[in-house]
Amino acid sequence: MPYTFVLLIQQSNKIMNSYSLLQTSHSWWAALTIILLFVALTNSVFGMNSKRIFSVKDRKIALIAMTFAHLQLILGLVLYFVSPIGFSALGQMSSAILRLTSLEHPLVGIVAIILITIGWSKHKKADNDTRKFKQISIFYGAGLLLILSRIPWSLWF
Ligand code: HEM
């Protein structure tokens, strides 16, 4: 009996450790993702307004920002099923913070990352450089705004 108890404690410690590791990664990766999306957005807005050529560097900036957003999505999805305020809190809609972390933040985050991915694919199909910048500006801008509107700010840092 005490041995089973020790095993249970060890198991719950492991879950707690992976939870805090995921929480910390999702939290730091969020900062990097937001900065990179902002860089890609401002770069595209300036590129569009100056009507310059869409260079390999512009493509790389947009690609890196999208890749960071995709990794954030993966971290978020795993965290969602480990966190006590993710999927397991989904029924508690009367609490504003639990509604945010279990429903609004994940849902809006997924929609935002879909929009960013659509922007990336639309820029590839655009037939001139200004339009490439425009697609990235619109879709990355909308995605970033959605992400910022549903961050659980009170939990961050
Ligand atoms: C680019 C998109 C995203 C950004 C920038 C972002 C950012 C954040 C931030 C800053 C926090 C607070 C971190 C903390 O507690 O210190 C957070 C928490 C959380 N996020 Fe995200 N997130 C994104 C997408 C997602 C997605 C797609 C999901 C799930 C499908 C998700 C699930 C969660 C959960 C469950 C929490 C609460 C974690 C906890 O404290 O237990 N996130 N997110």
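Helices here are DSSP runs of H or I with at least four residues, and strands are runs of E with at least two, numbered from the N terminus. The largest share of the shell around the ligand comes from α2, which gives 7 residues. What you are looking at is a predicted model, in which local features need pLDDT of at least 70, side-chain atom pairs count only at pLDDT 80 or more, and totals for chains, interfaces and linings use all residues. Residues are numbered from 1 along each chain as its sequence is written.

In total, 26 residues surround the ligand, and the closest are Gly76, Ser83, Gly86, Pro106 and Gly109; a residue counts as near a molecule or strand if its C-beta atom, placed from the backbone, lies within 6 Å of it. Two or more residues of this shell come from each of α1 (2–50), α2 (56–82) and α3 (96–125). By class, the shell has 15 nonpolar, 11 polar and no charged residues. Here Ala, Val, Leu, Ile, Met, Phe, Trp, Tyr, Cys and Pro count as nonpolar, Asp, Glu, Lys and Arg as charged, and the others, Gly among them, as polar.

Next, follow α3. A kink of about 35° lies at Glu104, shortly before the proline Pro106; the bend at a residue is the angle between axes fitted to the seven residues ending there and the seven starting there. Several residues of this helix are buried, including His105, Pro106, Gly109, Ile116 and Trp120. A residue is buried if 20 or more other C-beta atoms lie within 10 Å of its own, exposed if 12 or fewer, and partly exposed in between, with C-beta atoms placed from the backbone. The cover over the buried residues of α3 includes α2 and α4 (129–149).

Ile116 also leads us into the largest nonpolar core, which has 22 residues; those with the most contacts inside it are Leu37, Ala40, Ala62, Ala65, Ile116 and Tyr140. Such a core is a set of buried Ala, Val, Leu, Ile, Met, Phe, Trp, Tyr and Cys residues joined through C-beta atoms within 7 Å. The helices α1, α2, α3 and α4 each give two or more residues to this core, and α4 gives the most, with 6 residues. Leaving aside neighbours within four places in sequence, Ile116 is in contact with Met66, Ala69, Phe139, Tyr140 and Gly143, where contact means C-beta atoms, placed from the backbone, within 7 Å.

Now move along to α4, where Ile136 lies. Ile136 is buried because 30 other C-beta atoms lie within 10 Å. Setting aside neighbours within four places in sequence, Ile136 is in contact with Ala40, Ser44, Ala62, Gly119 and His123. The C-alpha atoms of Ile136 and Ala62 are separated by 7.6 Å, although these residues are 74 residues apart along the chain.

Finally, visit the loop between α1 and α2, where Lys51 is found. Most residues other than glycine have a negative phi. Lys51, which is not a glycine, has a positive phi of about 55°. Lys51 is exposed, since 10 other C-beta atoms lie within 10 Å. Its C-alpha atom is separated by 8.8 Å from that of Phe133, 82 residues apart along the chain.

Methods:
Contact = placed C-beta atoms within 7 Å.
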